[in-house]
Amino acid sequence: MNKTKETLITAFALFSLFFGAGNLILPPLLGFKSGNLWWLVTLGFCISAVLIPIMGILAHAKLQGTIFDFGKKVSPTFSLVYSVIIYAISVSLPSPRTASVTHEIAIQPFFETPYLLTSIIYFALVFLFVINRSKLLDILGKILTPAIILILLLIIGTTLFYEDFNFGVSQFKSPFTDAILEGYQTFDAIGAVVVGGVIIVSINLKSTGSYAEKKSLIRRAGWLGGLSLFLIYAGLILSGALMFNRFDPEITRVALLTGISTNTLGGTANLFLSLLVSLACFTTAVGVVTGTADFMKSRFKESQSAYTITAVIGCLLGVLMGQFDVAYIIAVALPALMFIYPITIVLILLNVVREKWATAFVFRAVILMTTIFSIPDFMNSISLGSYMEKINPFIPLSDYSLGWVLPAFATFIIANLIEQKSTKTKGNQ
């Protein structure tokens, strides 16, 4: 297989593993509420939903291991606990959400069947794909992703061609930071450390290339996949912004996506949208469950039984949570995201920078500070913000639920200065 073809297939696979339920339903409503500031909202959203996830893929290209390798410089115990939490969240929230979105858009309009039936059939199919994971990269890269991109381009292209470029007034008090936080709900930073490992394993199953060759392939595919995500997100946000006066201001995420599709594709909208949602959501669920099963397999001496048992448990959790509606799952996910997402972002960035700036000491200091300053945002998300009222005024950016950012950055600088001074002192002895 030549390099270009291999890069395209891997990039398409990455795109499809990232592009799931949240990626479809979040951008249009952001655009709908953003008005003439849609471009600023796009930048904010793409920082947390494109840039950070692609940094995660670049970190995987460097590490070429599992999620465990992301936090091992802090300590093996921390890395194990972090990995288990990430996988528990992944199979309990974003994976089931894909089934819930599929039901609301692809099943509910046509059949009066319960969420539970959809979840059972959906995760039975997910299980079949996970068990046949050796074919995963080719199936995702050659068949499913091109179909997803084609349908998305039809919706976006039709909107841009026929709509007048008029915009409303932004409903956001802080468009940029609100969009960054909305990007958390895509789970893509978490997805990067989860599905990046899936890509690594899939490449290893197919390729005997060197570390450098695999690193180059993953980096090329990562940037190409990231560019595709950016263009699709920008298109969906702009589409929502252009239709600001067509729908009820209180419209839900799912209803807006359906409305935009109906406006652009007319009578065939429901068919196209159903296909799009089913494909986009399904590939993400497969990636999440596969990544979780790969991790448990690696922890139990490459046991295939551990892989299969984890796949079964992941699919059963998907059925259990997938019977709830999308709004409920998004609400339940918020507290977990406010705590674990900052830690994930910092781990990704520390694994991307040069080794000399990311020693074990730096890792520990920055992660500790990030964890501490994520607590107020977490408390606010579970309606316990009153306990933080005396502290919040002293934390920069706490009003934007980004109170961890400056403390983490400052700790990174200070820890590196201490490390350099320590190294010089040892060198002079």
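Colleague: Which residues in helix 9 meet which residues in helix 15?

Modeller: Please keep in mind that this is a predicted model. On the helix 9 side, the residues are Leu181, Gly183 and Tyr184. They meet Leu337, Met338, Tyr341, Pro342 and Ile345 in helix 15.

Colleague: How do those residues divide into nonpolar, polar and charged?

Modeller: Seven residues of the contact between helix 9 and helix 15 are nonpolar and one is polar, with no charged residue.

Colleague: At what angle do the two helices pack, and how far apart are their axes?

Modeller: Helix 9, residues 175-184, packs against helix 15, residues 326-352, at an angle of about 95 degrees. Their axes are 10 Å apart. Angles of 65 to 115 degrees count as roughly perpendicular, so helix 9 is roughly perpendicular to helix 15.

Colleague: Staying with helix 9, is Glu182 buried or exposed?

Modeller: Glu182, which lies in helix 9, counts as buried because its relative accessibility is 16%, and the cut-off for buried is under 20%.

Colleague: What is Glu182 in contact with, leaving aside its neighbours within four places in sequence?

Modeller: With those neighbours set aside, Glu182 has contacts with Leu26, Leu30, Phe45 and Arg253.

Colleague: Back to helix 15, then. How do the axes of helix 6 and helix 15 cross?

Modeller: Helix 6 covers residues 94-107, and its axis crosses that of helix 15 at roughly 155 degrees, the two coming within 9 Å. An angle over 145 degrees counts as roughly antiparallel, so helix 6 is roughly antiparallel to helix 15. The crossing of helix 6 past helix 15 is left-handed.

Colleague: Which residues make that contact?

Modeller: Helix 6 contributes Pro96, Arg97, Ser100, Val101 and Glu104, while helix 15 contributes Val326, Ile329 and Ile330. Five residues of this contact are nonpolar, one is polar and two are charged.

Colleague: A change of topic: how many helices and strands are there in the protein chain?

Modeller: The protein chain has 17 helices and zero strands.

Colleague: What share of its residues count as buried?

Modeller: The protein chain has 429 residues, of which 55% count as buried.

Conventions
Residues numbered from 1 in each chain as written. Predicted model: local features only at pLDDT ≥ 70, side-chain atom pairs only at ≥ 80, totals over all residues. Heavy atoms only, no water. Axes fitted to C-alpha atoms, helices over the stretch in contact; angles between N-to-C directions. Helix = DSSP H or I, 4+ residues; strand = E, 2+ residues; numbered from the N terminus. Parallel < 35°, antiparallel > 145°, perpendicular 65-115°, else oblique. Contact = heavy atoms within 4.5 Å. Nonpolar A, V, L, I, M, F, W, Y, C, P; charged D, E, K, R; others polar. Buried < 20%, exposed > 50% of the residue type's maximum accessible area, 1.4 Å probe, protein only. Left-handed = near helix turned anticlockwise from the far one by under 90°.
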